[in-house]
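Trainee: I have a model open and would like to go through it with you. Can we start with the charged residues?

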Amino acid sequence: MIAIVRPASGDNRLYLWAVKAMAAARRDTTSIFMLSVALGCGALLIVLNFARWDLIDVLTPFLEPLLVELPLHGLFVAALVGSIVSLCLRLRRGWDWFALLPLAINLATIAAIVLIPFNEIIIDRDFHDHRAQRERVVADVASGALQPNLGYTNRMIHLSDTYGRVSKGGNDVEVGRGGDVLRVTFFTYRGILDNYSGFIYCADGIAPTEEILGGQIVEIEQYDARWYWVSMT
């Protein structure tokens, strides 16, 4: 801790300037800390929104919210409240633009999470990044080189690592046939019970219906002539 000694006599302007500088430094330390927390929390939340489905795939839908979502969102709420309290305390001493920055960054983080279509960006990237590998799987299913290999069902195929990680939730794909029409589902979210989402290859190019999929379609989007992304419940 640095102590400032007041001169016994003479010009006190240097002394007063030093006192003000030290007081400003103490205030700036708090603002810098709040600014660092706001930047850190904001960056982590943005990364979380891009990495959420990969984290769920690794940690499962049960553990990911408890281990990642709740702690991080709780930390962000604490940072938001802290930035508001810090700003209010600073405003009692006069206006300070620097003290406003932590709150501004927290509000910008909220706006980004609300306005940026993270899911659409992730799904689009997932489709293009893994399309060639998935089409190889489809070709092997169509030729009979790949057959259902999970004992509890005749619709699921567990893929070896030679095909890459093309389906979330264990790298399993679901095969269905309506008449002679082949359909192969690659999961982007395996979910719980009937809640899932994924890319469906439809050999005839016709969008799958709820009757075919055996559940309620929440969202469906066509990505190419024979590819659809579907969210089910």
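Trainee: Asp54 first: buried, partly exposed or exposed?

Mentor: Asp54 is partly exposed, with a relative accessible area of 40%. Buried means under 20% relative accessible area, exposed over 50%, and partly exposed in between, using a 1.4 Å probe and protein chains only. This is a predicted model, where local features need pLDDT of at least 70, side-chain atom pairs count only at pLDDT 80 or more, and totals for chains, interfaces and linings use all residues. Residues are numbered from 1 along each chain as its sequence is written, and side-chain values use heavy atoms, with hydrogens and water left out.

Trainee: Which residue forms a salt bridge with Asp54?

Mentor: Lys168 does, and the closest N and O atoms are 3.4 Å apart. A salt bridge here is a side-chain nitrogen of Lys or Arg within 4 Å of a carboxyl oxygen of Asp or Glu. Lys168 lies in the loop between β1 (156-158) and β2 (172-178) and Asp54 in helix α1, so the pair ties together parts that are 114 residues apart in sequence. Helices (H or I, at least four residues) and strands (E, at least two) are DSSP runs, numbered from the N terminus.

Trainee: And Lys168, buried or exposed?

Mentor: Buried, at a relative accessible area of 16%.

Trainee: Where is Arg134, then?

Mentor: Arg134 sits in helix α3, residues 118-143. Arg134 is buried, with a relative accessible area of 3%. Its side chain also reaches the backbone oxygen of Val166 at 2.9 Å.

Trainee: How many salt bridges does the structure hold?

Mentor: The count is 10. One of them joins the side chains of Arg52 and Glu69, at 2.6 Å from N to O, and both of these residues are buried. Arg131 and Asp224 form another, with their closest N and O atoms 2.4 Å apart. That pair links distant parts of the chain, helix α3 and strand β5 (residues 217-224), 93 residues apart.

Trainee: New topic: how confident is the predictor?

Mentor: The chain averages a pLDDT of 87, and 87% of the residues score at least 70; pLDDT is the predictor's confidence in each residue, from 0 to 100. Over residues 1-8 the pLDDT is below 50.

Trainee: Last one: is Phe62 buried or exposed?

Mentor: Exposed, with a relative accessible area of 58%. Phe62 lies in helix α1, which covers residues 13-91.

Note on methods
Contact = heavy atoms within 4.5 Å. Polar contact = N/O pair within 3.5 Å; in protein donor to acceptor, adjacent residues only side chain to side chain.
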